[in-house]
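Keep the structure in view as you read.

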Amino acid sequence: MFRTPQSKATVWLPKLVVAPSFFLSLLFIYGLMAWNGYLSFTASRILPNYEFIGLANYEALWVNERFHVAMRNLAVFGVLFIGGSMALGVLLAILLDQKIRAEGVLRTIYLYPMAISFIVTGTAWKWMLNPGMGLEHLMHQWGFETFSFGWLVDPQMAIYCVVIAGIWQCAGFVMALFLAALRGIDESIIKAAQVDGASLPRIYWSIILPSLGPVFFSTFIVVSHLAIKSFDLVMALTAGGPGFATDLPATFMYAHAFTRGQIGLGAASAMVMLAVVAAIVVPYLYSELRSKR
Amino acid sequence: MTIRLSIHRIVLWTLLLVFALWFLAPLYVMLVTSLKDAEQLRAGNLLSLPTDPTLYAWFKAWGSACTGVQCEGLQPFFWNSVQMVVPAVLISTFIGALNGYVLSKWRFRGSELLFAFMLFGVFMPMQVVLLPMSQVLGWLGLASSIWGLILVHVLAGIPTTTLFFRNYYVGLPDELIKAAQLDGATFWQIFWLIVVPLSTPIIVVTLIWQFTNIWNDFLYGVVFSDSGSMPITVGLNNLANTSGVVKEYNVVMAAALIAALPTLIIYIVAGKFFLRGLTAGAVKG
């Protein structure tokens, strides 16, 4: 940037300073990624071995019932979690944007789940959704004797418990992003539309939200990569169960690579996760960095 | 007009308060449950206040609850987490500041491209590095050690901290650096005497962000540690899944609160900075 005649040191010193950490972190990201990619083509079981077996692990994944469940769950969880967090987050942001007196307090309340670990969240929701002692017990005590809520132990429904806890954790995050964006909107637009007789919900729906396209886009990217990487929440809430009914690719990978001695298969499933994240994030990063030029 | 307006307000406030209750419910449930003993747990329900509040569950969760075969409570894991978090946060923040300084004020050919490649590290699923990394940690003699966890957290955190500082330093006027250079200030003098003193807000944001993330991490903890180096999130998960004769939910809830308290306190004290970290992490470029 500064090509003023300086001592030679200023030319190479900045590069030298960042070189070690750049080298190590790029090695960490891409070197290990490539290594993992190689492992996914090998016959590794409990220990890594480097006998090359081509696409056999990917073929095994393709016909693996448990991996199918994990990918199906990712689709269900992804759509509901992303959609739910975004819808609730946008709603909360709009509600808070109405010149609320206690905005600071309410915002703190909506956002605090983001500050705590998914393990804590999962542990708390596990207790609340527990059929014996939790919500069901509460409703019985309140006189609703026939109320039953066994989603957490129902293989068909348990994934929705993960969705509920996930939305609870992340909706405030979406709210924070949108609230910041709403604050950037010129108030005179709202005033003008009000003068024209448009109702407030209508103004938001047809004028303000459409103008927030870029925020929707970047929020979507962030929330969706959270969805694909979801691991802690499932581990704490259901540990993938009942059976493997709530497995996601991340828990599938962990189980096979670290507890079931199927390193090759685990590495292959990690590559599938990487491919899904890259498909979403790479175009985003590309467009973000280009537009800055 | 005024009546219509107040109906609006009532609907608005009802919605706001209902959502506030929904967000607070788990925290409330954790708190009241953690203050009950087994007797009150049976007699009451999720929402009922403890009739005779006791810290029994808190003491047990801290010092004597079983986490697998060990029965020392969360205490050892809490200190493991502290020993892991402090160096990891400080090192990754310092490296991020240096990288951000160079990437914004000392750009060189290819530095933007390197940054772009690094940014992918913010998003990538860490599952792809777990298997090779456990091998690397083994070679370095750091397998299942707190130092191994620190190394992983620093490496995994550099892309984020670099991003934070770079975006902040782009906003510092270039003239400042140029003027100092003309006065003969060196690379390091400019960094320590001009840039760092102007960095307080972003340093706080990054420290809080890294602290929260590393304290709350579970994935690296569960993969790269053993019973001697386990962080608190793994300890909590083991405690919650250790099946005794009777499941002591009051102890589990107290343990969950102990694990949540450090980040929760920082959030309450410095929420503004946490918020800035969230938005800084989401809006790139």
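Is the crossing of H7(B) and H10(B) right-handed or left-handed? The crossing of these two helices is right-handed. A crossing counts as right-handed if the near helix is turned clockwise from the far one by less than a right angle, and as left-handed if anticlockwise.

Some ground rules come next. This is a predicted model, in which local features need pLDDT of at least 70 and side-chain atom pairs count only at pLDDT 80 or more, while totals for chains, interfaces and linings use all residues. Residues are numbered from 1 along each chain as its sequence is written, and chains are lettered from A and ligands numbered from 1 in the order in which they are written.

Stay with chain B. Helix H7 of chain B covers residues 146–170, and helix H10 of chain B covers residues 200–216. Helices are DSSP runs of H or I with at least four residues, strands are runs of E with at least two, and both are numbered from the N terminus. The two helices pack at an angle of about 155°, with axes 10 Å apart. Axes are lines fitted to C-alpha atoms, for helices over the stretch in contact, and angles run from 0 to 180 degrees between N-to-C directions. H7(B) is therefore roughly antiparallel to H10(B). Angles over 145 degrees get that name; under 35 is roughly parallel, 65 to 115 roughly perpendicular, and the rest oblique.

On the H7(B) side, the contact includes His153(B), Gly157(B) and Phe164(B). On the H10(B) side, Ile202(B) and Gln210(B) are among the partners. Contact means C-beta atoms, placed from the backbone, within 7 Å. By class, this contact has six nonpolar, five polar and no charged residues. Nonpolar covers Ala, Val, Leu, Ile, Met, Phe, Trp, Tyr, Cys and Pro; charged covers Asp, Glu, Lys and Arg; the others, Gly among them, are polar.

Now move to chain A. Helix H5 (residues 118–129) of chain A packs against helix H7 (residues 158–183) of chain A at about 130°, with axes 10 Å apart. So H5(A) is oblique to H7(A). Their crossing is right-handed. H5(A) contributes residues including Phe118(A) and Trp125(A), and H7(A) residues including Cys161(A) and Gln169(A). The contact holds five nonpolar, three polar and no charged residues.

Finally, look between the chains. The contact takes 83 residues from chain A and 72 residues from chain B. Helix H1 (residues 9–39) of chain A supplies the largest share of chain A's side, 18 residues. That side divides into 60 nonpolar, 18 polar and five charged residues.

How values were computed:
Contact = placed C-beta atoms within 7 Å.
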